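I opened this structure to look up a few points for my notebook. My notes follow.

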Amino acid sequence: MAVTVNTLAIVALVILVLGAAGSFKFRPLGFIGALIAIFIGLALCPFYYGIFIFLIALVNLLSLVALQDIIKGVDYCLVGLMALATMYIFTSHDFAMVLAALVLVSVPTYILVMLREGKANTEVGIKYITFMVLATLMFLTGALILVYAHTGIGSGSTAAGAGAGAGGFSYIYALGYVLLVLGLSLEVGVAPLHEWVPDVFTAGDPIPISIIASLAKIVPFLAAMWILIPTSTAITPSIVMFTAVLAAISMFSGNIGALTAREPARVLAYSTVANMGYVLSCFVVIVKPEYVFYAVVGGLLMLFANGVGKIGFFNAIKGEGAFSPLMYLLAFSFIGMPPLMGFWGKLYILFSIAKMEYFWLVAILVINSAISIPYYIRLAGELGAPWRMNLTNFICIIAVMVTLLTVLFVPVDWFVNNIVSIVHTLGVVL
Amino acid sequence: MNEWVVFALLFLSPVVSSIPIVLLYKSRTWTARLPYLSVFGIFISVLMSLYIFFNFPAELPDCRFVSPYTWIPGTGIDIVLITDYLSRYMGVITALIAFFIGLYGLDYMRGDYRPAWYWFFFNLFTASMLLVVYSDNLFLLFVGWEGLGAASWGLIGHWFRDDDEIAYVGVPARKVGPLEFCWPPSFGGWRAISTIRFGDVPMFFAIAAIWLFAGNLNISEIAWGELFMKLGAAGTIILCSMLLMGLFTKSAQVPFSEWLMTAMTGPTTVSALLHSATMVAAGAYVFIKLTWYIQPWTLHSVPGLDVVYLFVLFVGLLSGLYGALVATGMLERKVLLAASTMSSLGLMFGSAAASYWITEPLMSVCGWEVSLAVLVAFWYLAVHAFAKASLFLVSGHLIHATHTRFSVGNLEFSSKMKVTFAITVIATTFLVGMPPFTAYWVKSAMDEVMEHLLHEGMLLPLILLLATSLTYSAILARFTSLNFIKGEKPKHEHLEGGNLMKLGYVLMASVLFILWYLIFVSEETEKFVHAGYVSTSLLVGIAILVAYLGAIYKPRIYSLSAIGTFFNDRMYLPYLNDYIIPRIGFFVAHLVHHYGNRAIDGFFNTKVMPGLFGLISRGIRAIQTGYLARYIRIVLGVVMFILILVSIGGVHLWL
């Protein structure tokens, strides 16, 4: 099985490279290559999530069609690469591969963020890359420290480190945990490390930003979970309070910022900050294996809902408006109205936090959902337009269909059940 | 027959039989015919109640029926019915009175403008009352209890158009201070439901508290003594006071009596069934039932219970005297009877409450030891129900015949209404406690109960009882005299028809003879008969007779008209209901409107929250200057700060 998966991954990568090379001659070749590659990538991934990532990557690819950029189709391959890495992380049982996936998803965005019609958007690029490099560095350092604290590799000690009793390991563990979470926060834009988000989201071209706001968010969270869950120790329950506080700060700054922002791109930037806060809040569950799958379900659904929603909204900005009902449906999904996908995401996150008895965080999440209502409705109103036959509306329709998938499969048992099996594989990452 | 079939027929037949008339409410033909079906439904209830009376067990635990169907799973709240001594008697009384009044109503309500409304609520009322009577579970009882309240509102306000002055209470346009002392039916309905709700809510909480602390809601199963010991003196007093709020408001005890007076704006049948015989008696009935199972005479060691029973004793006796006194000044037929009803209910409460001190003699009834005082209260309830219902039905007929709600009628008039006159004399003399008629024996036992309190150093209860009894006798005699003997000559006389009405009250009053008979033959009422032969009781009986004859001879004393007006104005108690409490309500509304809303508005909408939002949002925006150097400083600053925190924490861990 492993051979097949790896072989497939290599085949997909080869196709991507060929597509990228060919696209200098003929631009659609890059698109086709990326499409085939992520289609092959579907086999890498447990079926349902694969579908979601496939769809998200597909609309990312499609939206690039609207951008006559300067790198002539290589952008497709970069998205394909990100999609492959995202799918690969679901089945990866290897610490090194998890970190590699993180880098594979992160680095293509450095190039994508600078895409613009005409010439490279270097100002945005510098801001973004500076923080991403710092973020990746902190994440990787944190991850290495955690593994060290967990296994004792390099210390000459074989005490495989549950940390209990060994104060030094606890300290090292805390350091690793905090560095990893800070790296993650900077990477995805959790307040108070979100400074780059509003600037980049506003100054960049909406299409590449939509990729950064959607596909690029999934792997960092999964990688963080993949590392944090097996390395958790006796002091983890007290240290997860740190993530809970970060999540709360992020929700409030994001929502209040969005509430008082005027520009749609800026509203979406702050909305991303808030959404990353929601997802981060389910990290409090990592110490209770029996509830982890609620957190993973909630976090993933939230990331998917956020991803397709952002794609829809950013494309609407690019296309100067999209069909009103589609905009409202996406807004309702963000608000968390049942039975749209955003509702299920929030529900499972709330469920996992409540199971951990973090009731204050539950209250903050609910309050934040409530205060987010006005700006989403306003956004949908501003971006809404009469029906037109164009690419923007086509992309928005796909985005809405994805948020409606949860309506077709109510209740989302299939999602939960499949997550259970995934969570079981978590324990063997290290 | 399966007992659940009997119960189902008992409770459901009145409701089911009144559904057709509701569905066909637009058809004049059908609404004229279908009332017979409604009354037939009540007749089935009568048969079932009699079947229960004769065939169902009366002793615990056989007389408790727990439904095989679980009502509210996991709470212990089930459909539990009981056919003990009180329920079996009260069930027959309720069904029989409802049936007689139903018969009467076929005549009385003929040609009314909304018969469907009337019959539906009338039958719903009957079913609800039967549910209250047979329930052992307090929650189930409360369901019936709320049914009583709803039906009472519907029926008092039956003539909701307020278009006929004959349905009003009080003299139109008569002003006393700022208030107009005249109430139309719609207002009467509102006063009733608002007063009753005021008591029902605390009662509901009391039931919830009982469930919480006793873990059981079956009246006959709860370990009341343990419950009260667990709650302590203060807890017991609070719990009982909340429960009593429901009972006192329902039974119109002071200061909640006003609604009953203006409930007379409803049709007379309603006054007879709800506001004399059954619904208002439900408060007293539930108190008697609770006392029956609480057995307060065995709980003298429980702190606080004596306070509760002393409180009920005096609320009851004072209501008794108040009701009798205000009736002396009244000229409106039904309102006079309403005031006397309130007085009787007070005596029921008073004598049931006296049971706390009456440890001797204890009577063995259906295998259960009860104090004589409780039995007295219950028998007085029974006698009062039939006698007062008869009198109400009579006054309804009189209102039809004379077309006025004020007392008029002389000997010439009464010679044309011989049956009515005779029934009035029977009902009044049988009720006031005149020897040797029915109530005399019950009242004698009541005298004995209050005399017994002398041993406890309480003289006042006996004085209150005697004063009430004498006044009570006088007011019913006054009713008789003003309507048949010494009243003015009626301006209108409408004497035709009314045979079903006559049948109704003749049947009703005839039960008084059966009760008379039962008092002499029943084992448990043996003591009543003994008490009747005691010379002091006889003396009281003779005093009552004298008061009766005196009031017949001189029903109105014009020289005392000032005090009569004071009484007729119910000692200005309407001010409490219509002026003081609304003022308090308006004051609270004013506070909420002007200060509460402003505070809430200020907090959420204009000052605090928006200010906070503005502040945070300015802070968030202030960060975004667009300079990379600044961002790096912030990010690195945050990272460094947290790493320092972790280091401090790490050192702490290390040590």
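**A hairpin in chain B**

I started with one residue pair: B:M363 stands opposite B:V370 in β6(B). The model I am reading is predicted. Next I looked up the strands themselves. Strand β5 of chain B covers residues 362-365, and strand β6 of chain B covers residues 368-371. I noted that they pair in the antiparallel sense, over four bridges. Two residues lie between the strands of this hairpin.

**Two helices in chain B**

I then turned to helix α12 (residues 279-294) and helix α14 (residues 333-354), both of chain B. Their axes are 10 Å apart, and the helices pack at an angle of about 5°. Angles under 35 degrees count as roughly parallel, and α12(B) and α14(B) are therefore roughly parallel to each other. I listed the residues in contact. α12(B) brings B:V280, B:A281, B:A284, B:F287, B:I288 and B:T291. α14(B) brings B:T341, B:L345, B:M348, B:F349 and B:A352. By class, I noted nine nonpolar and two polar residues, with no charged ones.

**Where chain A touches chain B**

How many residues does the contact take from each chain? I found 24 residues from chain A and 21 residues from chain B. On the side of chain A that touches chain B, α6 (122-151), α7 (167-188), α8 (196-203) and α11 (236-260) each supply at least two residues. α7(A) gives the most, with nine residues. I sorted this side of chain A by class: 14 residues are nonpolar, seven polar and three charged.

Notes. Residues are numbered from 1 along each chain as its sequence is written. Chains are lettered from A and ligands numbered from 1 in the order in which they are written. This is a predicted model: local features need pLDDT of at least 70, side-chain atom pairs count only at pLDDT 80 or more; totals for chains, interfaces and linings use all residues. Axes are lines fitted to C-alpha atoms, for helices over the stretch in contact, and angles run from 0 to 180 degrees between N-to-C directions. Angles under 35 degrees count as roughly parallel, over 145 as roughly antiparallel, 65 to 115 as roughly perpendicular and the rest as oblique. Two residues are in contact if their C-beta atoms, placed from the backbone, lie within 7 Å. Ala, Val, Leu, Ile, Met, Phe, Trp, Tyr, Cys and Pro count as nonpolar, Asp, Glu, Lys and Arg as charged, and the others, Gly among them, as polar. Two strands pair if DSSP finds at least two bridges between them.
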